[in-house]
Amino acid sequence: MAKSTRTPAPGFKCAECGWTTAKWVGRCGECQAWGTVEEVGVTVARTTAASSVAVPATKIADVDATTAAYLTTGVAELDRVLGGGVVPGAVVLLAGEPGVGKSTLLLDVAAKFARGARDVLYLTGEESAAQVKLRAERIGAIADSLYLAAESDLGAALGQVEKVQPKLLIVDSVQTFSSAMVEGSAGGVTQVREVAASLIAAAKRLNMTTVLVGHVTKDGSIAGPRLLEHLVDVVCQFEGERHSRLRLLRAVKNRYGPTDEVGCFDLSEQGIEGLADPSGLFVSRTKDPVSGTCITVALEGKRPLVAEVQSLLATSSTSQPRRATSGLDSSRVSMLLAVLQQRAGANLANEDSYVATVGGVRLTEPATDLAIALAIASAKSGIALPARLIAFGEVGLAGEVRPVPGINQRIHEAHRLGFSHAVVPGSPNGPGPIPTGFSVREVHQLSDALELLFPVPAGN
């Protein structure tokens with residue numbers, strides 16, 4: 001008699017998300033909830049036997065790669081982030097906060113892709129077809145090959161896919177669809193897993209590029225099971241301040257291209273538009289230099305962005321001075337205030353400090369430290385920095401200025417935008433080739449930069 005491959009074992013299931021396990025645990029391994037795993041009876045552990053192969057394995061040298069060639073979307077900034085365009089059969093997960101412009105971006109992409117004589121299907125589970133058309137008319141996203149359907153049932157959605165056979169499928173959003181074949185309400189872990197798996201299977205079978213819109217949680221991470229990010233080919237984050245028109249698109253995961261590119265978009269009432277050169281948005285347009293300001297060059301992925309840091313100091317009326325920041329890491333600004341006080345002799349103990357960026361851009365890399373420190377020193381001394389000066393470099397607790405990546409790239413971007421002077425960190429190999437007419441001063445200590453730019457100490 002053949003030995004059975006079925007081994008009975010006690011089963012346990014999470015009451016919140018439906019996750020199952022062979023043994024009891026105090027915390028659910030899927031939704032991380034405590035005390036929700038309960039015994040549900042007996043489960044059967046199965047092993048899968050080998051079956052006949054429909055399509056035999058092919059030598060990698062004989063595989064036809066032309067079927068996976070990039071297709072341009074018509075939106076240059078999106079193509080930049082994806083590595084050149086969309087790949088047939090690829091599944092892209094686009095996540096972002098509510099109101100950031102995900103639907104507007106994808107509707108614009110759908111229309112431009114469809115104008116290349118390619119069928120596009122836009123499935124919306126959050127709005128009616130009429131509501132989507134009103135937005136499409138407002139932003140000029142009407143195309144003959146763009147199909148629209150308002151569905152929330154997975155079976156009906158897959159039926160629409162089979163009928164249209166699109167080259168590009170957009171699902172807005174994956175959390176609003178549900179399947180009658182599994183338990184739970186739309187947006188639950190079990191439903192999201194089933195919906196995503198079915199759409200991914202259809203994308204691979206039909207060689208159809210699929211874009212799934214995903215919600216995010218309060219802390220900014222993608223909602224739903226973590227498995228969703230592992231199943232898809234590309235994960236993109238669409239982000240931006242609510243009160244700013246600037247939107248940034250980043251690739252967190254990309255099986256077909258780089259993850260260090262950033263796409264910039266301008267979101268307005270007329271729609272969304274890619275920004276090939278967004279640096280002008282982050283610099284104030286004042287005729288004469290103002291104290292408390294400094295221009296820096298930040299790297300967003302591989303793209304250099306010229307941005308302005310502004311600082312304002314005021315005598316504090318309380319025993320604990322206020323430290324307010326906008327667009328910058330507050331803990332890093334506090335560290336730079338301490339370095340200025342201890343290493344440069346700037347008396348800031350009784351000063352309220354307000355440090356912010358221009359245009360709503362967020363600067364997080366340490367290379368902006370030197371510009372922040374110089375802006376604060378300029379505010380303290382009341383002396384404005386030269387109009388066409390930029391500064392960048394990481395500042396340490398000992399007051400040293402450390403080298404940062406892309407020094408030469410930052411210098412050339414500043415020169416292209418009309419700047420003529422730069423204060424940069426000293427490095428063993430130097431800053432590299434300098435553009436004609438551009439002056440570069442290397443500094444190794446923060447005190448060297450302060451002595452260079454201010455005729456009197458910044459603390460006086």
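This is a predicted model: local features need pLDDT of at least 70, side-chain atom pairs count only at pLDDT 80 or more; totals for chains, interfaces and linings use all residues.
View 1. Two strands to spot here are β13 (293-300) and β14 (303-315), as each gives the lining at least two residues.

**View 2. The second largest pocket, with a volume of about 250 Å³.** Strand β10 (residues 246-254) puts the most into this lining, namely three residues. Around the pocket you'll find, among others, Glu-239, Gly-240, Glu-241 and Ser-244, along with Leu-246, Leu-248 and Arg-250. Glu-300, Gly-360, Val-361, Arg-362 and Thr-364 also line the second largest pocket. Sorted by class, this lining comes out as five charged, four polar and three nonpolar residues.

**View 3. Helices α8 and α10 where they cross.** Here helix α8 (residues 369-381) meets helix α10 (residues 446-453), with their axes coming within 11 Å and crossing at roughly 45°. The two helices are therefore oblique to each other, and their crossing is right-handed. On the α8 side, the contact is made by Leu-370, Ala-373, Leu-374 and Ala-377; on the α10 side, by Leu-446, Ala-449, Leu-450 and Leu-453. So which classes do the residues of this contact fall into? Eight are nonpolar, with no polar and no charged ones.

Conventions: Residues are numbered from 1 along each chain as its sequence is written. Side-chain values use heavy atoms; hydrogens and water are left out. Axes are lines fitted to C-alpha atoms, for helices over the stretch in contact, and angles run from 0 to 180 degrees between N-to-C directions. Helices (H or I, at least four residues) and strands (E, at least two) are DSSP runs, numbered from the N terminus. Angles under 35 degrees count as roughly parallel, over 145 as roughly antiparallel, 65 to 115 as roughly perpendicular and the rest as oblique. A crossing is left-handed if the near helix is turned anticlockwise from the far one by less than a right angle, and right-handed if clockwise. Contact means heavy atoms within 4.5 Å. Ala, Val, Leu, Ile, Met, Phe, Trp, Tyr, Cys and Pro count as nonpolar, Asp, Glu, Lys and Arg as charged, and the others, Gly among them, as polar. On a 1 Å grid over the protein atoms alone, a cavity is a set of points where a 1.4 Å probe fits but cannot get out, and a pocket is an open set with protein on both sides within 12 Å along at least five of seven lines; lining residues have an atom within 4 Å of a point. Grid points are joined across faces, edges and corners, and a volume is the space filled by probe spheres set on the points.
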